[in-house]
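Student: I'm new to this one, could you walk me through it?
Tutor: Gladly; have a look at the structure first, and then ask whatever comes to mind.

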Amino acid sequence: MDYKVLYEKTPVGRLFAIVAVPGIISMLVSSFYQLFDGIFVGQILGADAFAAVNLVMPFVIINFSVADLIGVGSAVPIAIRLGEKKEKEACNIFTSACLLIVGAAVVLGAVLFFFTDDILRLMGAESSLITQASQYIRVYALCSPVTTIVFAMDNYLRICGRIRYSMVLNILMSGLSAGLEFLFLYVFRFGIWGAALGTCLGMSVCAVLAFAPFAKGRMQLRFGRPKMSGAVLKSILTNGCPSFLNNLAGRITSIVMNIFLLRLGGAAAVSVYGVLMYVDGFVQPLLYGMCDSLQPAVGYNWGARNTARVKAIEKRCFSMAAAVSVAMAAVILLARGGIARLFVQASDTELMQMTIHALLLFAFTYVTRWLSFATQSFMSAVEKPGYATLLSVSTALVFPVILLVALESIGLDGIWLNFPLTSLLCGVMAAVILLRFRKKLRMEKNA
């Protein structure tokens with residue numbers, strides 16, 4: 001379907017089904033892969049390998065978040081330029097962004113390959129954890145120039161209306177990565193590096209397939225000779241900052257929490273935290289798939305000054321995000337024992353009980369998480385990066401660090417309670433931001 005017809009004319013209910021549902025399916029499949037990834041490592045390689053992966057995972061995600069910074073940051077102005085009928089400018093931003101992603105991936109990959117060991121030592125990790133973590137992250141570092149681009153191409157495919165193709169690629173990537181990881185770990189009995197290799201090979205195949213439609217020159221976005229102006233770079237970085245800072249701040253918080261966890265409970269506490277992150281890695285992508293999939297439609301109509309349609313789209317986005325979030329909170333509460341058994345070996349009863357208790361407290365995170373998440377996505381889509389950045393940094397860094405210090409006296413429970421309390425505080429902040437934004441729009445309309 002032509003992107004103009006899709007974003008301008010399609011009824012909101014049908015638009016949601018065409019755009020958001022495939023995004024949700026894509027992220028759901030990706031979430032299942034992340035769960036299988038944790039299960040494979042925990043059950044096949046054991047608790048030490050599981051702790052090592054979770055200790056180093058923040059650095060892996062930081063690497064990918066740079067591609068997300070540029071991908072999301074460029075997708076917003078691209079969608080708005082298309083809404084303004086400035087297709088040449090949109091194609092220039094697209095080309096420039098792709099080159100930026102590859103260049104950044106080369107630099108960050110080299111940093112991760114050579115310096116992760118030193119960072120882990122400073123964190124207080126034992127030599128056995130460092131050895132396994134290094135094997136894992138160096139595979140990602142070597143593959144970085146090829147794999148990271150896949151996160152941005154997803155945004156560009158959706159902008160061009162190739163939503164089903166994007167969904168198919170995400171499903172293929174998850175299935176291929178899971179299959180290869182199982183083959184490498186269970187059949188070939190590779191070490192922890194096999195888990196990373198399976199994922200990277202799956203991502204590399206899909207990165208090539210994602211580039212194919214653009215390379216043929218048949219899409220609304222086409223490659224050309226880039227004109228990297230300061231204005232283009234500023235637009236990309238400004239609009240991508242909320243998403244990037246959320247990822248970066250979240251990973252910094254994870255690193256800080258891992259330091260506390262190593263001190264308070266050792267490798268076992270790190271493993272429990274890892275289980276929580278795998279659960280969050282299942283729920284969060286569902287919200288992301290829904291809200292992020294609708295961003296091009298919101299940005300396009302915002303650029304076309306069709307505020308009534310923007311409001312209708314966002315009303316659907318907020319209501320569905322709330323329903324998904326609350327439903328997942330109930331699932332975690334009711335199935336916390338089964339969730340723990342997926343990642344923890346049955347013989348390790350102490351770790352099992354610790355995990356079940358942590359999940360009980362963690363589940364309440366999603367009662368209010370939807371409000372700040374949907375608000376942040378909306379603010380990014382309408383080029384209000386200040387509000388979006390405030391929410392992302394508060395969610396991922398400011399409130400978690402404040403609560404980490406404030407709740408330190410109650411031990412590990414303080415860390416497990418950090419998540420629902422952060423979500424509550426950010427929900428209040430999001431409500432205030434929405435009220436201020438609404439008031440400002442009314443004043444501008446009456447002026």
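This is a predicted model: local features need pLDDT of at least 70, side-chain atom pairs count only at pLDDT 80 or more; totals for chains, interfaces and linings use all residues.

Student: What about Lys85, what is its phi?
Tutor: Lys85, which is not a glycine, has a positive phi of about 65 degrees. Lys85 lies in the loop between helix H3 (47-83) and H4, and with a relative accessible area of 49% it counts as partly exposed.

Student: Okay, on to helices. At what angle do H4 and H9 cross?
Tutor: The axes of helix H4 (residues 87-123) and helix H9 (residues 230-264) cross at roughly 20 degrees and come within 14 Å. That angle is under 35 degrees, so H4 is roughly parallel to H9.

Student: Which residues of H4 and H9 meet there?
Tutor: From H4 the residues are Asn92, Ile93, Ser96, Ala97, Leu100 and Met123, and they meet Val232, Leu233, Ile236, Ile255, Asn258, Ile259 and Leu262 in H9. Sorted by class, this contact of H4 with H9 has ten nonpolar, three polar and no charged residues.

Student: How do H10 and H13 cross, then?
Tutor: Helix H10 (residues 266-303) and helix H13 (residues 349-362) have axes that come within 10 Å and cross at roughly 45 degrees, and H10 and H13 are therefore oblique to each other. The crossing in which H10 passes H13 is right-handed.

Student: Which residues in H10 and H13 are in that contact?
Tutor: On the H10 side you find Ala268, Ala269, Ser271, Val272, Val275, Leu276, Val279 and Asp280, which meet Leu351, Met354, Thr355, Ala358, Leu359 and Phe362 in H13. In the contact of H10 with H13, eleven residues are nonpolar, two are polar and one is charged.

Student: Switching topic, which residues touch the most other members of the largest nonpolar core?
Tutor: That core has 140 residues, and those touching the most other members are Ile78, Tyr136, Tyr156, Phe214, Leu221, Phe343 and Trp416. H10 gives the most to this core, with 19 residues.

Student: Take Leu221, what does it touch?
Tutor: Setting aside residues up to four places away in sequence, Leu221 touches Ile78, Ala90, Cys91, Phe94, Tyr156, Ile159, Cys160 and Phe214.

Student: Back to H10: is Asp292 buried or exposed?
Tutor: Asp292, which is found in helix H10, has 5% relative accessibility and so counts as buried. Apart from its neighbours within four places in sequence, Asp292 is in contact with Asn155, Arg158 and Ser377. The C-alpha atoms of Asp292 and Cys317 are separated by 9.9 Å, with the two residues 25 apart along the chain.

Student: Last one, what does Thr395 touch?
Tutor: Thr395 sits in helix H15 (residues 385-406), and at 12% relative accessibility it counts as buried. Leaving out residues up to four places away in sequence, Thr395 touches Asn246, Arg369, Ser372, Pro400, Thr422 and Cys426.

Conventions: Residues are numbered from 1 along each chain as its sequence is written. Side-chain values use heavy atoms; hydrogens and water are left out. Axes are lines fitted to C-alpha atoms, for helices over the stretch in contact, and angles run from 0 to 180 degrees between N-to-C directions. Helices (H or I, at least four residues) and strands (E, at least two) are DSSP runs, numbered from the N terminus. Angles under 35 degrees count as roughly parallel, over 145 as roughly antiparallel, 65 to 115 as roughly perpendicular and the rest as oblique. A crossing is left-handed if the near helix is turned anticlockwise from the far one by less than a right angle, and right-handed if clockwise. Contact means heavy atoms within 4.5 Å. Ala, Val, Leu, Ile, Met, Phe, Trp, Tyr, Cys and Pro count as nonpolar, Asp, Glu, Lys and Arg as charged, and the others, Gly among them, as polar. A nonpolar core is a set of buried Ala, Val, Leu, Ile, Met, Phe, Trp, Tyr and Cys residues joined through side-chain atoms within 4.5 Å. Buried means under 20% relative accessible area, exposed over 50%, partly exposed in between (1.4 Å probe, protein chains only).
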